[in-house]
Amino acid sequence: QVVLVEAGGGLVQAGGSLRLPCAAFMRTVSSLTMGWFRQAPEKERAFVAASDWSGASTLYTDSVKGRFAISRDNTKNPMWLQMNSLKPEDTAVYYCAADNEAYRAVLLAAENYYGRWGPGTQVTVSS
């Protein structure tokens with residue numbers, strides 16, 4: 001059982017930055033792909049970014065490429081999502097998630113592959 005906890009959300013002006021940590025309380029988390037998803041008001045939850053178990057490979061949704069960066073160091077906790085040049089359309093609840101399968105060879109954006117989720121942290125970007 002993985003317990004994930006996000007933090008770092010808040011209110012920021014457009015163009016600003018936030019850094020979201022995701023703390024994972026499970027010894028085997030270092031073998032799992034970790035991802036970030038977000039859910040905007042009245043919209044379905046959507047993929048944002050993922051890092052494979054080693055941190056060597058990452059995947060981003062097109063709308064955040066060049067602005068967001070996911071990072072992890074398996075010798076440390078937590079995993080991070082650095083968000084720069086924030087836009088009002090980035091406003092959402094951000095969720096950290098862990099893959100169901102250890103050492104998965106490919107990065108996947110579909111949320112059904114992620115079986116453990118944090119409670120979420122609210123990010124609001126004002127215009």
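Which residue forms a salt bridge with Arg104? In this predicted model, the partner is Glu101.

**Figure 1. The whole chain is built from strands.** The secondary structure comes to 11 strands and zero helices. Read along the sequence, the pattern is β-β-β-β-β-β-β-β-β-β-β. The radius of gyration is 13 Å, close to the 14 Å that the globule rule gives for 127 residues, so the chain is as compact as a globular protein of that length. Along its principal axes, the C-alpha trace spans about 40 × 25 × 25 Å.

Figure 2. Of the 127 residues, 42% count as buried. The accessible surface comes to about 6,600 Å². Carbon and sulfur atoms hold 50% of that surface. Among contacts with a separation of 6 or more, 59% join residues 24 or more positions apart.

**Figure 3. Thr33 and its surroundings.** Thr33 sits in strand β4, which covers residues 32-39. Its relative accessible area is 2%, under the 20% cut-off, so Thr33 counts as buried. Neighbours within four places in sequence are left aside here. Beyond them, the contacts of Thr33 include Ala50, Ser51, Asp52 and Trp53. Arg72, Leu107 and Tyr114 are also among them.

Figure 4. Arg104 is buried, with a relative accessible area of 13%. Glu101 is partly exposed, at 41%. Side chains of opposite charge can pair when their charged atoms come close.

**Figure 5. Asp90 and Arg38 across the sequence.** The side chains of Asp90 and Arg38 meet in a salt bridge, 2.9 Å from N to O. This pair links distant parts of the chain, 52 residues apart. Asp90 lies in the loop between β8 (79-83) and β9 (92-102), while Arg38 lies in strand β4. Both Asp90 and Arg38 are buried. Arg67 joins Arg38 and Asp90 in a network of salt bridges.

**Figure 6. Lys65 and Asp62.** Lys65 forms a salt bridge with Asp62. Their closest N and O atoms are 3.0 Å apart. Asp62 has a relative accessible area of 60%, over the 50% cut-off, so Asp62 counts as exposed.

**Figure 7. Charges of the whole chain.** The structure holds six salt bridges. The chain carries 12 positive and 11 negative charges.

Terms used
Residues are numbered from 1 along each chain as its sequence is written. This is a predicted model: local features need pLDDT of at least 70, side-chain atom pairs count only at pLDDT 80 or more; totals for chains, interfaces and linings use all residues. Side-chain values use heavy atoms; hydrogens and water are left out. Helices (H or I, at least four residues) and strands (E, at least two) are DSSP runs, numbered from the N terminus. Buried means under 20% relative accessible area, exposed over 50%, partly exposed in between (1.4 Å probe, protein chains only). Contact means heavy atoms within 4.5 Å. A salt bridge is a side-chain nitrogen of Lys or Arg within 4 Å of a carboxyl oxygen of Asp or Glu. The radius of gyration is taken over C-alpha atoms; the globule rule is 2.2 Å times the number of residues to the power 0.38. Accessible areas come from the Shrake-Rupley method with a 1.4 Å probe; for residues, only the protein chains shown count as cover. Lys and Arg count as positive and Asp and Glu as negative; His and the chain ends are not counted. The place of a charge is taken as NZ of Lys, CZ of Arg, CG of Asp or CD of Glu.
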